Amino acid sequence: MAPAVDYYDGFHTFSWLADFIGLPIDQVNFVLTQFTALILAGLLRTSLSSIATTPAARHVYGLTIGLALGYFCFGRQAIHLTGLPALCYIAMRTQNPRNMQRVVLAIALIYLSCIHCHRQIYDYGSYTLDITGPLMVITQKVTSLAFSIHDGLTRREEELTPMQRHQAVQKMPTALEYFSYVFHFQALMAGPVIFYRDYIDFIHGRHMPGATSLAGFYDKKSEVSEIVLEPSPTLVVVKKITASLVCAVVFITFIPAFPIQRVKEDEFLENTTAVYKVWYLMVATMLVRFKYYYAWIFADAICNNSGFGFNGFDERGNARWDAASNVDVYQFETSLNFKTSIEHWNKRTNLWLRLVMYERTSRNKVLYTYFLSALWHGFYPGYYLTFASGAFFTVAARMIRRYIRPLFLESERKKTFYDVLTFIATRVVMAYATFSFVLLEFVPSINMYLYLYLFPHLLGLIAMIILPRLGLLQKTHKLAAKAEIDHSAAASNGNAHKTM
């Protein structure tokens with residue numbers, strides 16, 4: 001196997017800085033490109049705003065910087081950044097729109113899979129920065145666009161789900177629009193995936209709530225639309241950059257004390273209790289998540305600094321800049337069930353999976369969606385163990401929520417007890433299901449399952465097989481109905497007191 005440093009093909013201009021601060025050159029280059037993108041994003045919001053310049057100029061700006069940063073980080077590997085989307089664009093232009101989306105999905109996944117396999121052969125188990133990260137984001141972009149074009153050109157509006165209707169594209173993008181969308185620098189390195197309609201609305205100034213179009217400013221045939229003043233994202237950007245850097249410091253400081261590789265050691269497996277093993281998995285996987293928190297929050301700040309991500313105002317009148325957010329750290333870490341955790345982790349990828357798979361299959365939606373997610377990530381066995389477990393625990397959690405939760409809604413005390421119990425269970429199951437994603441290897445992951453007696457899997461199996469046969473459904477429905485009646489009565493009494 002080639003050493004990681006040989007596999008990395010990006011520029012080594014700042015090797016002196018990497019040596020000075022004690023970080024690998026790939027990580028230094030990544031951080032430098034993200035800070036560069038952050039600075040240049042401000043120009044896209046100010047000097048190159050949709051009012052000050054043309055959409056074409058904004059396209060060229062985002063495309064040029066994206067290509068430059070990609071080449072700086074990945075060197076000759078950057079050829080794949082153009083190869084995959086070029087093949088997909090040819091398919092979009094030449095294939096029948098009724099079937100084109102499947103062709104594009106196949107091309108993108110096959111191309112990405114080849115790069116994943118190359119990575120596993122020549123740099124197995126390494127977390128060195130390479131081209132697979134941006135290619136995964138590009139795969140999301142081109143496939144979501146293909147499905148949106150299919151929806152816009154071949155399906156009636158009433159056939160579409162609300163998300164499909166919002167993202168439907170009724171005109172084939174020009175080469176400039178397409179490649180600008182694929183390579184725009186705000187989300188090239190670490191995501192998040194931004195859908196084509198949202199990106200074009202941003203370029204033309206239609207992304208502001210209440211603004212229909214600013215493209216008419218440059219089109220003499222169109223009427224000039226309402227211009228809505230955008231609140232400044234500066235404070236939000238500063239907060240997000242600070243939060244991302246704190247996450248980076250936590251990761252760098254504490255991850256050496258809890259390496260995931262320790263779970264492969266005989267000493268750890270044989271001389272520690274099951275409780276300690278679970279606790280160690282919880283801490284180790286949580287610390288790994290801080291690396292993702294850093295990258296995603298920083299990427300969100302770049303999008304915001306360019307003017308993308310504004311999502312209206314909350315009930316207090318404060319501007320919301322979360323339209324491009326990829327993670328909600330607080331909601332994920334404090335969620336009370338497995339489903340809610342997943343919804344707040346890699347949120348934009350969840351939307352992509354929903355758009356291209358979940359809403360388009362009639363049977364086994366969860367299974368197919370998790371399989372696509374695993375294939376998109378690559379071919380390490382640990383990925384498939386994690387996503388298989390994820391699908392399993394998602395179904396099991398639904399059963400528990402359906403049959404057990406209503407039993408605890410009779411009183412506030414019982415509900416609080418249930419919430420505490422599910423909070424702890426979610427933390428345990430999340431660590432148990434995801435450690436193999438970090439470990440990557442099959443046999444060590446199975447060994448850990450066995451040393452933990454497959455206990456979470458057994459509980460999930462019991463929930464799926466036994467709970468539906470206990471006759472609880474009728475009782476839980478009655479309890480739920482009683483709780484609803486009591487809640488309505490309490491609300492009515494409260495309203496009566498207010499009117500007295």
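Start with helices α18 and α21, which are oblique to each other. The model is predicted. Select residues 381-403 for α18 and residues 455-465 for α21. Their axes come within 8 Å and cross at roughly 45°, and the crossing is left-handed.

Next, show the side chains of this contact. On α18, select Ser-389, Phe-392, Phe-393, Val-395, Ala-396, Met-399 and Ile-400. On α21, select Pro-456, His-457, Gly-460, Leu-461, Ala-463 and Met-464. Coloured by class, the contact of α18 with α21 has 10 nonpolar residues, 3 polar ones and no charged ones.

Now move to helices α11 and α13. Select residues 234-254 for α11 and residues 274-305 for α13. The two axes come within 8 Å and cross at roughly 160°. Angles over 145 degrees count as roughly antiparallel, and α11 and α13 are therefore roughly antiparallel to each other. Their crossing is left-handed.

For the α11 side of the contact, select Val-236, Val-237, Lys-240, Ile-241, Ala-243, Ser-244, Leu-245, Cys-247, Ala-248, Val-250, Phe-251 and Phe-254. For the α13 side, select Leu-287, Val-288, Phe-290, Lys-291, Tyr-293, Tyr-294, Ile-297, Phe-298, Asp-300, Ala-301, Asn-304 and Asn-305. The residues of this contact divide into 18 nonpolar, 3 polar and 3 charged.

Keep Phe-290 and Tyr-293 of α13 selected, as both take part in the contact with α11.

The last stops are aromatic pairs, of which the structure holds 40. Select Phe-268 and Tyr-276, a tilted pair with 6.1 Å centre to centre and 55° between the planes.

Then select Phe-393 and Tyr-432. Their ring centres are 6.1 Å apart and their planes stand at 75°, so the pair is edge-to-face. Phe-393 lies in α18 and Tyr-432 in helix α19 (residues 412-439), so the pair ties together parts that are 39 residues apart in sequence. Both residues, Phe-393 and Tyr-432, are buried.

Conventions. Residues numbered from 1 in each chain as written. Predicted model: local features only at pLDDT ≥ 70, side-chain atom pairs only at ≥ 80, totals over all residues. Heavy atoms only, no water. Axes fitted to C-alpha atoms, helices over the stretch in contact; angles between N-to-C directions. Helix = DSSP H or I, 4+ residues; strand = E, 2+ residues; numbered from the N terminus. Parallel < 35°, antiparallel > 145°, perpendicular 65-115°, else oblique. Left-handed = near helix turned anticlockwise from the far one by under 90°. Contact = heavy atoms within 4.5 Å. Nonpolar A, V, L, I, M, F, W, Y, C, P; charged D, E, K, R; others polar. Phe/Tyr/Trp six-rings, centres within 6.5 Å; stacked < 30°, edge-to-face > 60°. Buried < 20%, exposed > 50% of the residue type's maximum accessible area, 1.4 Å probe, protein only.
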